[in-house]
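Subject: The two-chain model, with notes

Hi,

Here is the structure I said I would pass on. Have a look at it first, and then read my notes below.

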Amino acid sequence: MMILKILFRNAFHNKLRSSLTILGIAVAILAFGLLRTVISSWYAGVEAASTSRLVTRNAISIIFPLPISYNEKIRQIEGVKIVSYGNWFGGIYIDEKNFFANFCVEPRTYFELYPEFVLDPLQKKAFLADRKGFVAGRKLAARYGWKPGDTVTLKGTIYQGNWDFVLRGLYSGRDETVDESQFFFHWDYLNETLKKTAPGRADQVGFYMVGVVRPDVAPDTAIAIDKSFKNSLAETLTETEKAFNQGFIAMSGAIVTAIQMVSFVVIIIIMAVVANTMAMTTRERTGDYAIMKTLGFGGKDITILIFGESLVITLTGCVIGMILTFPAAKAFGSTLDNFFPTFIVSTDTLYYDVLAAILIAFLAAIIPTRHAIRIRIADGLRRIG
Amino acid sequence: MQHIMAEQKNTIVEIRNLYKSYHRESLIVPVLYDITFDIAEGEFLALMGPSGSGKTTLLNLIAGIDKADKGSIHVGDVDITTLSETELAHWRANNVGFIFQFYNLIPVLKAIENVELPLHLTSLPPKERHQHAEMALAMVGLTHRMDHYPSEMSGGEQQRVAIARAIVTDPTILVADEPTGDLDRVSAEEILTMMERLNSEMGKTIIMVTHDPRAAQRAKVLRHLDKGYLNNDDSQNPI
């Protein structure tokens, strides 16, 4: 009990030094937490992927289309419950900086396949009835102030021209991990326009989304789909939605790796700061430790004192950093919602914060503790005065 | 007369052929040579000598906070030169009370907590520990300062707290290294009077290192060290 009393009082004895160290740790944990959240946001699409959905695309590359005629063939394959399809539209709203994902999809099957996009039944009905209608995520509509009935024009990049759409519905995410910044319109609208303007590009889709009856049949179903189109003009590659999304992430793997490295560098820097503080603290208290050893306290007690002090300082900074992470992430997320539609501090990130703090505390205390234990009492006492 | 009285008492510390040297990189610096003498139970011994004569080293060896190169130190029935570090720590906790020149109180603990500190190594329950510490502080006349931190007390008061801490476990011997070295004359007199009383009224064996003749005057027996050698002819206090 007395050891704990000394430990806590020691930790805050030099108020300025302790406060600055705690502040440093809090900022480091905040930075670490935000960087980890960036990484987890990057993988949000992968994490949110359903195990009972497959994606079928052209085996050569995602940029090559597949014929619409595959729709019926895929539907008949054993294990397939529902099939939808769509294209990446790549339209620009006013200016290129206004980036958001926009797809044309077969709306009936698509929203059935994605129950995480929650749409009011009346709005859904209005959307299905209007071929030029579109549905936007709640956040996207809020960002540009769109209201149902508004006409929105996208400038085509893959499909040339100005494309007018009427907002018919706003979808919400089933939970906070769902991206609410997407734009969906009718595949038929694109296809019928193409039939008039570029007939050679009509009746083609960018991808098929396939719902399977049970997650365990997904691998066999994927093989069966690809087998059906073997040796055709457009061979397919079918993979789970998770693997498909992961493929996209892999394209930006270097950036993710760089962010991960920076997050670890932050931890290493703060470890050096805490180690320096603990070294100064221990050096300052050499006499105190010598006295305690003189009185009969052992190395175990000294170890508890130094490691404990390091842990108290580090965890205090960690808790402050963790508390600050939430408003910072909110501000960060709203500033960069074009790039990170879901920017949520996950429980895993908080565990990493605590783990990092404990690691810092222990590593920073090792050398000072070793020194304090090994120093001869007579030498320790000589430091006083 | 005092010399004769000392011989009549039981020997509490028996030092035989003690050698000690320090190693500074490749250099070996001898500090004590063939020290042999006894300290009787209830004795108030002053170790005097010029700086570098080895008196603090000898005190540290007797108190078990340093290890001799050669020779033996029996305190009671125990040869402390044969004890391991852990055994020595345990032995010190039970047998030695320490008073230092710079008081060496733990700055983050109040006076009462500083005095109570050594009792945490005993099996005494918290309430009794507190009572013992209160009694020790009362003996040095500092009951009214028990809730004060060392930084809130004068040097003399801090040294009295250090004495209370030294006696609270009722140790076999009290060792004091220049206990008045950092005090003004009035405070130094108070501390020496207190030590005298501990020796005469409570029968505590005190071994004090000092280079102050006034402090040495209070001791019953005087030993003189010079360049690591003990003058064995000056056991009576001529001062």
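What percentage of the 239 residues in chain B do buried residues make up? They come to 51%. Before I go on, please keep in mind that this is a predicted model.

**Chain B**

Chain B has eight helices and ten strands. Its radius of gyration is 18 Å, close to the 18 Å that the globule rule gives for 239 residues, so chain B is as compact as a globular protein of that length. If you want to set up a box around it, the C-alpha atoms of chain B fill one of roughly 45 × 40 × 40 Å along the principal axes. Looking at contacts in chain B with a separation of 6 or more, 68% are between residues 24 or more positions apart.

One element I'd look at here is helix 2 of chain B, residues 55–63. Nine of its nine residues are buried, so this helix is largely enclosed by the rest of the structure. The buried residues of helix 2 include K55(B), T56(B), T57(B) and N60(B), along with L58(B), L59(B), L61(B), I62(B) and A63(B).

**Chain A**

Now for the other chain. Chain A comes to 15 helices and twelve strands. The radius of gyration of chain A is 29 Å, well over the 21 Å that the globule rule gives for 385 residues, so chain A is more spread out than a compact globule. The C-alpha atoms of chain A fill a box of roughly 95 × 45 × 30 Å, again along the principal axes. Of the 385 residues in chain A, 39% are buried. Take the contacts in chain A between residues at least 6 apart in sequence, and 81% of them join residues at least 24 apart.

From D226(A) to I375(A) is 149 residues in sequence and 71 Å in space, C-alpha to C-alpha. D226(A) has 16 C-beta neighbours inside 10 Å, so it counts as partly exposed. Beyond its neighbours within four places in sequence, D226(A) is in contact with T236(A), L237(A) and T238(A).

- Helix 11 (residues 253–284) of chain A and helix 13 (residues 299–335) of chain A pack at about 135°, with axes 11 Å apart. That angle makes helix 11 of chain A oblique to helix 13 of chain A, and their crossing is right-handed. From helix 11 of chain A the contact uses V274(A), M278(A), T281(A) and T282(A), and from helix 13 of chain A it uses I306(A), E309(A), S310(A) and T314(A). By class, this contact of helix 11 with helix 13 of chain A has three nonpolar, four polar and one charged residues.

- Helix 11 of chain A and helix 14 (residues 347–374) of chain A pack at about 35°, with axes 9 Å apart. The crossing of helix 11 and helix 14 of chain A is right-handed. Among the contact residues are I267(A), I270(A), M271(A) and V274(A) from helix 11 of chain A, and A356(A), I360(A), L363(A) and H371(A) from helix 14 of chain A. The residues of this contact of helix 11 with helix 14 of chain A divide into 15 nonpolar, two polar and no charged.

- Helix 13 and helix 14 of chain A pack at about 150°, with axes 8 Å apart. Helix 13 and helix 14 of chain A are therefore roughly antiparallel to each other, and their crossing is right-handed. Their contact residues divide into 18 nonpolar, six polar and one charged.

**Where the chains meet**

How many residues does the contact take from each chain? It takes 20 residues from chain B and 19 residues from chain A. On the side of chain B that touches chain A, the largest share is five residues from helix 3 (residues 85–95) of chain B. That side of chain B has twelve nonpolar, six polar and two charged residues.

Cheers

Note on methods
Residues are numbered from 1 along each chain as its sequence is written. Chains are lettered from A and ligands numbered from 1 in the order in which they are written. This is a predicted model: local features need pLDDT of at least 70, side-chain atom pairs count only at pLDDT 80 or more; totals for chains, interfaces and linings use all residues. Axes are lines fitted to C-alpha atoms, for helices over the stretch in contact, and angles run from 0 to 180 degrees between N-to-C directions. Helices (H or I, at least four residues) and strands (E, at least two) are DSSP runs, numbered from the N terminus. Angles under 35 degrees count as roughly parallel, over 145 as roughly antiparallel, 65 to 115 as roughly perpendicular and the rest as oblique. A crossing is left-handed if the near helix is turned anticlockwise from the far one by less than a right angle, and right-handed if clockwise. Two residues are in contact if their C-beta atoms, placed from the backbone, lie within 7 Å. Ala, Val, Leu, Ile, Met, Phe, Trp, Tyr, Cys and Pro count as nonpolar, Asp, Glu, Lys and Arg as charged, and the others, Gly among them, as polar. The radius of gyration is taken over C-alpha atoms; the globule rule is 2.2 Å times the number of residues to the power 0.38. A residue is buried if 20 or more other C-beta atoms lie within 10 Å of its own, exposed if 12 or fewer, and partly exposed in between; C-beta atoms are placed from the backbone.
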